[in-house]
Amino acid sequence: MKSLVLGANGRTGRQFIDQALAAGDHVTALVRSADRLSDLQHPRLEVRVGNPCDPEFLASVMSGHDVVVSALGPRVPTKFAAAIYSDSASAILHAMQQTGVTRLLVTSSALLFPDQDLFGRVMKLAVPPIVNAAGRMEALIQDSNLEWTIARTGFLTDGQADTFQTSDRKGGTVSRAGVAHFLRSEAVNGQHIREVVGLSA
Ligand SMILES: NC(=O)c1ccc[n+]([C@@H]2O[C@H](COP(=O)([O-])OP(=O)(O)OC[C@H]3O[C@@H](n4cnc5c(N)ncnc54)[C@H](OP(=O)(O)O)[C@@H]3O)[C@@H](O)[C@H]2O)c1
């Protein structure tokens, strides 16, 4: 298995890299500047520096990979930062069409599920830029002919347990290790191709 990981320096991205390398995979990690991931070295890890919203750059690194994994997400809940969801999706889809790589796994927000409890409804009102940009990302991906899987989560924790549960109607609090475990399982087994999956602990 050879994975191209976007958002590789993020907390879920790093969990995915750790788990994939431990399982014997090859990983190409995409970071936005050379100081990112500089603490991580492994013979089966290649780090590439570039913009995940640049389709030509993405296409230049994507060929030969079995799966593209995006754990990109905004570091702050502003409209400008949240655009990383939709801007990267557009570039990823373009690069995948160009290179013939077909398997795509992305992380998204459980706030996109239609049925929300009171807390979810309040959160949706609190972070409209995230809901809107993640929604645009998902629409682009779901309109594509790729073998995509979208993992929607609630709050992420840094807990060590990598367990997760799946649902087609809600997501909850779950560890980043659990999300990474789901993503790698999907990369290997493909049980949820063209499905939106809610994750919780
Ligand atoms: N945190 C939560 O509670 C929560 C809840 C629901 C869904 N999610 C989603 O779950 C996924 C993983 O979350 P996380 O908390 O593990 O992520 P994170 O640690 O915040 O990492 C986000 C990653 O996205 C990258 N990134 C953000 N904006 C970028 C830009 N403009 N250009 C290039 N790279 C950019 C960051 O790069 P740098 O490392 O260079 O900054 C980082 O690698 C994300 O999709 C997130 O939105 C998170």
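This is a predicted model: local features need pLDDT of at least 70, side-chain atom pairs count only at pLDDT 80 or more; totals for chains, interfaces and linings use all residues.
Helix H1 (11-22), helix H3 (79-99) and strand E5 (103-109) are the elements that give two or more residues to the shell around the ligand. By residue class, this shell divides into eight nonpolar, nine polar and five charged residues. Of the 22 residues around the ligand, those that come nearest are Asn-9, Thr-12, Arg-36, Leu-72 and Tyr-85. For Asn-9, a polar side-chain atom is placed 2.8 Å from an oxygen atom of the ligand, and for Thr-12 an N or O atom of the side chain is 2.7 Å from an oxygen atom of the ligand.

Thr-12 belongs to helix H1, and because its relative accessible area is 8%, under the 20% limit, Thr-12 is classed as buried. When residues up to four places away in sequence are not counted, Thr-12 touches Ala-71, Leu-156, Arg-176, Val-179 and Ala-180.

Ser-33 itself is situated in the loop between strand E2 (26-31) and strand E3 (45-49). Between Ser-33 and Ser-88, which are 55 residues apart in sequence, the distance from C-alpha to C-alpha is 16 Å.

Leu-37 likewise lies in the loop between E2 and E3, and its phi is near 60°, a positive value in a residue other than glycine. Most residues other than glycine have a negative phi. With a relative accessible area of 2%, which is under 20%, Leu-37 therefore counts as buried. A phi near 60°, again positive in a residue other than glycine, is also found at Arg-194, which is located in the loop between helix H6 (176-189) and strand E10 (195-200). Arg-194, however, has a relative accessible area of 41% and is therefore partly exposed, since this value falls between the limits of 20% and 50%.

A further loop residue, His-65, is found between helix H2 (55-62) and strand E4 (67-70). Its relative accessibility of 8% is under 20%, so His-65 counts as buried. The side chain of His-65 makes a polar contact of 2.6 Å with the side chain of Thr-28, and a polar atom of the His-65 side chain lies 2.8 Å from the backbone oxygen of Met-62.

Val-127 occupies the loop between helix H4 (118-126) and helix H5 (128-142). Val-127 is counted as buried because its relative accessibility is 11%, which is under 20%. Apart from neighbours within four places in sequence, Val-127 is in contact with Pro-77 and Leu-111. The C-alpha atom of Val-127 is separated by 9.1 Å from that of Lys-79, although the two residues are 48 residues apart along the chain.

With regard to the chain as a whole, the protein has six helices and 10 strands. The radius of gyration is 16 Å, which agrees with the value near 17 Å that a compact globule of 201 residues would have. Taken along the principal axes, the C-alpha atoms fill a box of roughly 45 × 35 × 35 Å. Buried residues make up 48% of the 201 residues, and the accessible surface of the chain comes to about 9,700 Å², with 50% of this belonging to carbon and sulfur atoms. Among contacts between residues at least 6 apart in sequence, 66% join residues that are at least 24 apart.

Note on methods:
Residues are numbered from 1 along each chain as its sequence is written. Side-chain values use heavy atoms; hydrogens and water are left out. Helices (H or I, at least four residues) and strands (E, at least two) are DSSP runs, numbered from the N terminus. Buried means under 20% relative accessible area, exposed over 50%, partly exposed in between (1.4 Å probe, protein chains only). A polar contact is a pair of N or O atoms within 3.5 Å; within protein, one must be able to donate a hydrogen and the other to accept it, and residues adjacent in sequence count only if both atoms are side-chain atoms. A residue is near a molecule or strand if one of its heavy atoms lies within 4 Å of it. Ala, Val, Leu, Ile, Met, Phe, Trp, Tyr, Cys and Pro count as nonpolar, Asp, Glu, Lys and Arg as charged, and the others, Gly among them, as polar. The radius of gyration is taken over C-alpha atoms; the globule rule is 2.2 Å times the number of residues to the power 0.38. Contact means heavy atoms within 4.5 Å. Accessible areas come from the Shrake-Rupley method with a 1.4 Å probe; for residues, only the protein chains shown count as cover.
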